[in-house]
Amino acid sequence: MKQLPAIVDGRFKLFESHAILVYLASSFPGVADHWYPADVFKRSKIHSVLDWHHSNLRRGPTTIVRNTVLAPVLGRPLNPEAAAEGEKFLSASLSKIESVWLKGNGRFLLGGNQPSIADLSLVCDIMQLELLGETERNRLLGPYKEVQQWIENTRNATNPHFDEVHEILMKAKEKLQNPRLKGANNEGAESDMKRTLHSRI
């Protein structure tokens, strides 16, 4: 299918991030129940978040980043109109996360005190905003204090793995914000950046 992300486990091949998360949480011994609970009601709630994610939150960060900082790297023109549309999706989605998915006394989605695969999936999408730089990221996330705290809770609950899996993202952020790289006609570096971003974003 030529899709990323994808995994190969022996002879079994699978693509689509949510399907991969479900498979990993269900198939390997020793995975804590809170990631993908055995209880059918809790599991169904997680699926409701994941299904909502694809049609809502995902359209925000991806659209913003691709039509602003990534556009020149990918050889495309900047598209302020598309970026503005992405901001609308992002704002509506973050509001929904705070008013619905983070409602309750828990530190994670659905009122949980421990993260699930839904927390991982949604937080990692929001992490794309790191590529915009601190000022722009703070402008977009600033009004959503509960979301910011939830991101930090998820990072703390999963480190050092959280920082490890986002290492490539942070390296791309550094390159995008490096004035020498921006101003230089360095085709080798730009080509390397394209390969990295195409495979990760």
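## Salt bridges and helix packing

Lysine 171 is partly exposed, with a relative accessible area of 48%. Here, buried means under 20% relative accessible area, exposed means over 50%, and partly exposed lies in between, using a 1.4 Å probe and protein chains only. The model is predicted, so local features need pLDDT of at least 70 and side-chain atom pairs count only at pLDDT 80 or more, while totals for chains, interfaces and linings use all residues. Residues are numbered from 1 along each chain as its sequence is written, and side-chain values use heavy atoms, with hydrogens and water left out.

**Charged pairs**

Side chains of opposite charge can pair when their charged atoms come close. A salt bridge is taken as a side-chain nitrogen of Lys or Arg within 4 Å of a carboxyl oxygen of Asp or Glu, and by this rule there are nine salt bridges.

| Pair | Closest N to O distance |
|---|---|
| Glu152 and Arg155 | 2.8 Å |
| Glu167 and Lys171 | 3.5 Å |

Glutamate 87 is partly exposed at 27% relative accessibility, and arginine 139 is partly exposed at 43%.

Glutamate 152 and arginine 155 are three residues apart in helix α8, so about one helical turn separates them. Glutamate 152 is partly exposed at 32%, whereas arginine 155 is buried at 16%.

Lysine 171 has glutamate 167 as its salt-bridge partner. Both residues lie in helix α10 (residues 167-176), four residues apart, which is about one turn of the helix. Glutamate 167 is partly exposed, at 41% relative accessibility. Beyond simple pairs, a network of salt bridges links Glu130, Glu134, Arg137 and Lys173.

**Helix against helix**

Two packed helices are described by the angle between their axes and the distance between the axes. Helix α6 (residues 117-126) packs on helix α8 (residues 145-158) at an angle of about 115°, and their axes are 10 Å apart. The axes are lines fitted to C-alpha atoms, for helices over the stretch in contact, with angles from 0 to 180 degrees between N-to-C directions. From α6, the contact uses Asp119, Leu120, Leu122, Val123 and Ile126, and from α8 it uses Val147, Trp150, Ile151, Thr154 and Thr158. Contact means heavy atoms within 4.5 Å.

In helix α3 (residues 59-66), Gly60, Pro61, Thr62, Ile64 and Val65 are buried. These buried residues pack against α4 (70-73), α5 (80-101), α6 and α7 (134-141).

Histidine 47 belongs to helix α2 (residues 40-55) and is partly exposed at 30% relative accessibility. Setting aside neighbours within four places in sequence, histidine 47 is in contact with Val22 and Tyr36.

Leucine 24, in helix α1 (residues 17-27), is partly exposed with a relative accessible area of 35%.

Methods. Helices (H or I, at least four residues) and strands (E, at least two) are DSSP runs, numbered from the N terminus.
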